[in-house]
Amino acid sequence: MNESIFATGKLFELVHVAQPDGRVFEVARRAPGVRLIIADLPNKKVLLTKEFRQELGVHDFRLPGGKVFDTLAEFETFRTSGKDILDAATSKAKAEAAEEAGMHVAEVTFFKKSTLGATVEWDLYVFTATDWQPGDQALEDGEQIDDVSWYDFATAKEMIVKGDMHEERVALILLQWLEAQHG
């Protein structure tokens, strides 16, 4: 695939991708992200954070997570390294669990990869953790996580349906996971 970057912002780069038939597509590319479903399976509960999202102007219920790479340059270096993205995403998921939710997880299990679309390349790697130890949050500057709480599966589903989770693709993934836990 022949591609050339023609514009770069802080989070996205715009890329021309030449197709074999001569057509050229524009793709917006962003470094991938991670989300972590932290579950208390015996009690059928899931951990959600309540975070103020400046870009939305509201408090949002979310799964802990963040960017796998902090800059586009780091992402580009990784993309050309030949290393496995799942290794980097796994490490970042564990770090985000401690940072945002104050949960220390030794092991995570890959649940699924969400691909945003053909012309917006922003993959999201979602993991689960069922073995965790509580600790202290270590929020990054600017993060405004007001609450970290456990919700029973039924309440979490209701929150998704009501639109309390504004990151809709993550809400869908969580709903899929909840349904896989036998409804």
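Biologist: Which residue lies over the face of W122?
Modeller: This is a predicted model, where local features need pLDDT of at least 70, side-chain atom pairs count only at pLDDT 80 or more, and totals for chains, interfaces and linings use all residues. Residues are numbered from 1 along each chain as its sequence is written, and side-chain values use heavy atoms, with hydrogens and water left out. A charge sits over a ring if NZ of Lys or CZ of Arg is within 6 Å of the ring centre and within 35 degrees of the ring normal. At 5.0 Å from the ring centre of W122, the residue is R169.

Biologist: How many aromatic pairs are there?
Modeller: Rings of Phe, Tyr and Trp (its six-membered ring) pair if their centres lie within 6.5 Å. By this rule the count is seven.

Biologist: Are the planes of F69 and F78 stacked, edge-to-face or tilted?
Modeller: Planes under 30 degrees apart count as stacked, over 60 as edge-to-face and the rest as tilted. The F69 and F78 centres are 5.0 Å apart and the planes stand at 40 degrees, so the pair is tilted.

Biologist: Are F69 and F78 buried or exposed?
Modeller: Buried means under 20% relative accessible area, exposed over 50%, partly exposed in between (1.4 Å probe, protein chains only). Both F69 and F78 are buried.

Biologist: Which residues do ring pairs link into a cluster?
Modeller: One member, F75, has R79 over its face, at 5.7 Å from the ring centre. The cluster is F69, F75 and F78.
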